[in-house]
Amino acid sequence: MAGGALGRLASMAVAAGTPASRRLLASAAAAAAAATAPGARLATTPPPAATATSTAAVAPKKKAGIAGAIRSAFGDAASPLPPGYTVDEQFLHETPTHVTTLSNGLRVATERHPVGAATVGVWVDAGSRFETEDTNGAAHFLEHLVFKGTATMSQRSLETTVENMGANFNAYTSREQTAYFGRAVTAHVPALTNILADILLNSEMSPASVERERDVIMQEYAEVNKLPEEELFDNLHATAFQGTPLAQTILGSEDCIRSLQRPDLRAYVKRHYQPHRMVLVGAGDVDHDTFVTQADKLFGGMRSDPAAESAAQLVAARPCFLTGSDMRVRDDYAADAHFAIAFESCGWAHPDAVAFMVLESLLGGWDRYATTGDVVSSRLANGLHATPSAKRVGPFNTSYADTGLFGLYAVAAPHDLDDVVSVMMGELVRFYTSVDERALAGAKMALKTRMMAAADGSTAAAEETARQLLVFGRKVPLAEWVARIDAVDAAAVKRLVGKYIWDREVAVSALGNVSGLPDLTWIRRRTFSTLY
């Protein structure tokens, strides 16, 4: 990240919690006077090639000297921490993440917590953005099908086995990733891993099960479209990213759901379920070496297609970007107006990603019916509390590989919607010229708290580890997150707003009783101000 303290940010080159990481922090602070390079990207380790050799790594390979150690973590753009910077000791004691790459490119990661149970899962670097217009919904369709029986185990046998272990399985699909995971007590973790491999590698996908799941997905499609927030954000993606893969919904269109066939699904698996785009994670009471041995036995036989593209190559071939536009679904009989106003942000690994996280926390959320009422420090909340028609407003920060959406989502009574939008846009734009230092400090502390709470539990830990390995190519230590958050000062927030929000294009999605919502041009004019 460039600008202010962000330009002097350094990382820890080894797993947080080790003496080496503390030595690196101290040495980096001492050397900070020489820091002049721009900020560093979060992603420094590319995904393994399909023909990767077997390796084991807990942290990037260290180079000689402090400068070399920092470059090992951040690359040539890294620069030391500001003079005198220290990380709280509590953030240096972190369970290390062990990663081994199998010969076919599949990564196996573990975080050991001796709690008597564990979560085991496979995360795939594939989602709805990698589908075509004709196969939109294939990733989600597969999520349903894998649990419907394999070549060696019927659906009933599968469900009975999992139930008798006292375990549970779950799955989800997003626009860029698909996950399959389960949780069981320590004694049943090997059996759970066996089942996970079986459903992913040997799923039967019979024509009969395809037709049964088609009906189930159509029911899910109907239910999702009854949820205002789901429909609103699907429409937001459709208009903001129109003409690009991110405009596609996760469930797919009704026509696609009805037309997808077994060959389409098998073709999707063959192209995208490649070992180098998959991560097997165990979090909880899991021994790394034992887990790797089992993983190699179960997944080591997966053949890598030398011609298979990486997710990064597919993203580069079909990049996504925001188009200023709006989509409105008007219902004059609805009780409320739901709308979202979005700006294009940046990808997960972009230097500005952490600053967006801080800005989201700085804006804060507000609900008229919450117990706090108007007793909050947020200027946005106080302004909305004084606007009678406003009911609920919250920020959103959605990141993808190459782009993202940042903005505000609101629910309001249908009258005086221009007053609600004025408060929202006014607070967003205000950060270009004025940032309250006290509010910023509180927002950063709140962000750290949420970040630590989000990884509480084996399932959350497994998901975070997998996501970071797919997105960044490594597990980012907690101490590094804290350092990056602390580096976002008022100057960095102003620069961020000036770069992405001030006088920039907006995308608007609205539904419900929105006849009184100002038009796109009116909202676009509120992205800047001549009054400082």
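Which side chain meets that of Asp234 in a salt bridge? In this predicted model, the partner is Arg175, with an N to O distance of 3.2 Å. The pair links distant parts of the chain, since Asp234 belongs to helix H7 (residues 228-240) whereas Arg175 sits in the loop between strand S5 (168-173) and strand S6 (178-185), 59 residues apart. Both Asp234 and Arg175 are buried.

The structure holds 24 salt bridges, among them one between Arg495 and Asp352, whose closest N and O atoms are 2.7 Å apart. Because Arg495 lies in helix H18 (residues 490-500) and Asp352 in the loop between strand S9 (337-344) and H12, this pair ties together parts of the chain that are 143 residues apart in sequence. Arg495 is partly exposed, at a relative accessible area of 25%, while Asp352 is buried, at 2%. A salt bridge within one helix is formed by the side chains of Arg258 and Glu254 (3.3 Å, N to O); these residues are separated by about one helical turn because they stand 4 residues apart in helix H8 (residues 254-259). Arg112, Asp285 and Asp287, in turn, are linked in a network of salt bridges.

The largest nonpolar core comprises 56 residues, of which Phe339, Ile341, Leu359, Leu384, Met424 and Val493 touch the most other members. Helix H12 (residues 353-363) gives the most to this core, contributing 9 residues. When neighbours within four places in sequence are left aside, Val493 is in contact with Leu359, Leu362, Phe431, Val435, Leu440 and Val488. A second, separate core of 51 residues includes Ala118, Leu145, Val292 and Phe299.

Technical notes: Residues are numbered from 1 along each chain as its sequence is written. This is a predicted model: local features need pLDDT of at least 70, side-chain atom pairs count only at pLDDT 80 or more; totals for chains, interfaces and linings use all residues. Side-chain values use heavy atoms; hydrogens and water are left out. A nonpolar core is a set of buried Ala, Val, Leu, Ile, Met, Phe, Trp, Tyr and Cys residues joined through side-chain atoms within 4.5 Å. Buried means under 20% relative accessible area, exposed over 50%, partly exposed in between (1.4 Å probe, protein chains only). Helices (H or I, at least four residues) and strands (E, at least two) are DSSP runs, numbered from the N terminus. Contact means heavy atoms within 4.5 Å. A salt bridge is a side-chain nitrogen of Lys or Arg within 4 Å of a carboxyl oxygen of Asp or Glu.
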